[in-house]
Amino acid sequence: MAVIDVVNLSKAFGPKVVLSNVNLQVEEGESLVVLGGSGTGKTVLLRNIMGLLTPDSGYVAVEGKIIAQLSRDELFTVRQSIGMCFQMAALFDSMTVFENVAFGLRRHHKMTEAEIRARVEECLTMVGMKETEKLKPAELSGGMKRRVGFARAIALKPKILLFDEPTTGLDPVMTDVIGRIILDLKHELGITSITITHDLKSAFEIADRIALLFRGECLACEAPEVFKVNPNPVIQQFLRGDADGPFLLDPPPPKRIPKEAHA
Amino acid sequence: MVLAVFDKVGAGVLKATDTFGDFAVLAGRAFAAVFKRPFDGKNLLNQFQSVGVNSIPVVVLTSLAVSMVFAVQLAFGFKQFQAEGLASQVEGLAVMRELAPVITGLMLAGRIGSAMAAELGTMQVTEQIDALECLATDPIHYLFVPRLLASMVVVPLLTVVSVYIGFWGGYLILVGVEGQSAYVYGNEFYKLLAFKDLRIAIYKALVFGTIIALVGCWKGYRTQGGAEGVGNAPTSSVVTSSLWILISDFFLTKLLLV
């Protein structure tokens, strides 16, 4: 049985259909990377998995439990087994890094202060942020915030991790650092994960399978080496990063040819 | 033409019902969450600090100013009828029954209601409330309940402070400026009052505190649209809660004086 089962999931906001009959299954310990252009419903997919949004039709099941049918208390129990890493980290800005990472532990576990401290230190070490415990989120850079967000997500030892564009807006070096941390978490913790990213380099490093969302539909969901040679023109255009092709609804402005080329 | 008018009126009624229903549901969830575990004492104490202790200067200054202005008006008015002695009695009645609870309520709607709306609004647009949900924490329990409890306790306490300050505001004008006897003022201030009046003032303050916290949290929780939304939430919170404070004051006065 798949750990995460997305079945015929559809979601629209007013007249705008964001997801249309999306089907995805993620097996235990598997790392699925979801690619897609901006506004194709990748974040909406994650929010449906977390139960932050309710599907218009279809359903999401986590470990066999259909998320939309759970009571609030049952949903909170399921959420304790899922760690969510937000695009902009979503750290609690009134708390320090330590308090952010310790938040879930204090709410859901009867741990002593020493045990909480040890677990927070362990999580921060995993993401390379050991010396930042006393800092406030406002004192951190974008990449540091994401890493603290990772530490907060793994603190409760979840079985599933969801990463919402963890590298967007970061420089290439920090993007690589984040990619390595995700890989480390995958290997050290053996967690099932879904990562949404635009960064193809880290996508191919992290993924056991890659899916591409295009205009609300899932075009492909396959192993990276198969995905790379998929003949679908949309997939090939996305992999090339070229503006010309079927990917965009509105045609892009024509490519300017450098003057030297005319001469 | 007629159909368009009906259409507009209908849409307005539906929207108003929807808004009120949303508020009622969230308020109900907040009251139900009061008894839920875990109890977050530290969070509650922080709210007592920001809602209560930090509001004392504002309440003291406004109560002093309003009671002094009111005393000036009373002294001037009763002088027309050579009935200056009544000024302290009416001052006591007005401060206890109306000025203290309403001024405290309105000032705190501006100070803490807007702060709640701004804080929760910022948390909403920066996905911090979603993060709470993802950390298996009910935002209503974590955010609404401490603010609601703090507000329900603090507004009545500050109303009592306001009554006390109101006494001295009247004293400054009627004794200090108008030359009435301090002994007479001290007796006359309480002459028309009974314990029931203090109870009415505290009941009113309890209702106002509830309105301030629920409206502030509700407006913040429902914030949409980034910086503009966060900017609108406190304004909307202050206007709505001030309006409800004044409306509920009328009904509470009618109800409780019977």
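I take two strands as paired if DSSP finds at least two bridges between them. Strands (E, at least two residues) and helices (H or I, at least four) are DSSP runs, numbered from the N terminus.

The model is predicted, and local features need pLDDT of at least 70, side-chain atom pairs count only at pLDDT 80 or more, and totals for chains, interfaces and linings use all residues. Residues are numbered from 1 along each chain as its sequence is written, and chains are lettered from A and ligands numbered from 1 in the order in which they are written.

**Chain A, strands.** I looked up β6(A) (residues 82-85) and found 4 bridges to β7(A) (residues 160-164), the two running parallel. Gly83(A) stands opposite Leu161(A) of β7(A). Ile82(A) and Met84(A) on one side of β6(A), and Gly83(A) and Cys85(A) on the other, are all buried (20 or more other C-beta atoms within 10 Å of the residue's own; exposed means 12 or fewer, partly exposed in between, with C-beta atoms placed from the backbone).

I then traced an open antiparallel sheet of 4 strands, in the order β2-β1-β4-β5 (chain A). Its edge strands are β2(A) (16-26) and β5(A) (65-66), each pairing on one side only. β4(A) (residues 57-62) is joined to β5(A) by 2 bridges, and Ala61(A) stands opposite Ile66(A).

**Chain B, helix α7.** I noted Tyr185(B), Glu188(B) and Phe189(B) as the buried residues of α7(B) (residues 182-189). Seen down the helix axis, they fall within an arc of 95°, so they line one face of α7(B); the arc is that of the directions from the axis to the C-beta atoms. The face turned away carries the exposed Tyr183(B) and Asn187(B).
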